[in-house]
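Subject: Structure handover

Hello,

Here is the structure you are taking over. Please open it before reading my notes.

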Amino acid sequence: MTNNPYAKIKQNSILTASPQELTLMLYNGAIKFANQAVEAIDVGDIQTAHNKIIRVDDIVLEFMASLNHDYEVSESMELLYDYMHRRLIEANMLKDKDILVEVTEMLREFRDTWKEAMTLAKEETQKQKQAL
C-alpha cells in the first residue's frame, strides 16, 4: 500500500462503492484511457497508446462479460460493446485517433445514460421511503 493520501482515498472510494458507482467509475476510466491514447498518438508514443487502448478494451470486455441477459436490452448492449471491441482492435492496429474518438463518444453516451438511470433509481427509492 502506498503512503500517497490521494491513492488511499481513491482506493477507499473503490472499496466502498456500490456496483452502480463502480460501473460509473469504469465508464469514466475507459473514457480517460481513450483520451490518453489519443494524446499518446498525437506525440508519437506508440507504446503508451497501445497500453491505453488495451485498458479501454479490457473495460469494454468486462462490460460484455457482466451483462445480465435476463433483460432484453442486454442483447443490443452486447452488440454495441462487441462493435466497440472490434473498433478498438482496429484503432490499436492502425493507431487511428478517429476510431478512438468514435468509441469515446459511444462510451460517453453510455456513461451519461447510466448516470441518468442512477439518478432516477435514487429518486424512486426516496419516493418509496417517503411513502412508507
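Below is what was found, from the overall fold down to single residues.

This is a predicted model: local features need pLDDT of at least 70, side-chain atom pairs count only at pLDDT 80 or more, and totals for chains, interfaces and linings use all residues. Residues are numbered from 1 along each chain as its sequence is written, and side-chain values use heavy atoms, with hydrogens and water left out.

**Overall**

The protein has five helices and zero strands. Both kinds of element are DSSP runs numbered from the N terminus (helices are H or I, at least four residues; strands are E, at least two). The order from the N terminus is α-α-α-α-α. The C-alpha trace spans about 60 × 45 × 20 Å along its principal axes.

**Helix packing**

Two packed helices are described by the angle between their axes and the distance between the axes. Axes here are lines fitted to C-alpha atoms, for helices over the stretch in contact, and angles run from 0 to 180 degrees between N-to-C directions.

Start with α4 (residues 73-94) and α5 (residues 97-131). They pack at about 150°, with axes 9 Å apart. That makes α4 roughly antiparallel to α5 (angles under 35 degrees count as roughly parallel, over 145 as roughly antiparallel, 65 to 115 as roughly perpendicular, the rest as oblique). The crossing of α4 and α5 is left-handed, meaning the near helix is turned anticlockwise from the far one by less than a right angle; clockwise would be right-handed. Residues in this contact (heavy atoms within 4.5 Å) include Met 77, Leu 80 and Tyr 81 of α4, and Ile 99, Leu 100 and Phe 110 of α5. By class, the contact of α4 with α5 has 13 nonpolar, no polar and three charged residues. Ala, Val, Leu, Ile, Met, Phe, Trp, Tyr, Cys and Pro count as nonpolar, Asp, Glu, Lys and Arg as charged, and the others, Gly among them, as polar.

Next, α3 and α4. Their angle is about 165°, and their axes are 9 Å apart. That makes α3 roughly antiparallel to α4. α3 passes α4 in a left-handed crossing. Among the contact residues are His 50 and Ile 53 of α3, and Tyr 81 and His 85 of α4. The contact of α3 with α4 divides into 11 nonpolar, three polar and three charged residues.

Then α2 and α5. Their axes come within 9 Å and cross at roughly 160°. So α2 is roughly antiparallel to α5. This crossing of α2 and α5 is left-handed. The contact of α2 with α5 has 13 nonpolar, five polar and six charged residues.

**Largest pocket**

The largest pocket has a volume of about 570 Å³. On a 1 Å grid over the protein atoms alone, a pocket is an open set of points where a 1.4 Å probe fits, with protein on both sides within 12 Å along at least five of seven lines; lining residues have an atom within 4 Å of a point. Grid points are joined across faces, edges and corners, and a volume is the space filled by probe spheres set on the points. Of the 17 lining residues, the closest to the centre are Tyr 27, Leu 67, Met 77, Tyr 81 and Trp 114. α2 (19-42), α3 (46-65), α4 and α5 each supply at least two lining residues.

Lys 95 sits in the loop between α4 and α5. Its phi is near 50°, a positive value in a residue other than glycine.

Best wishes
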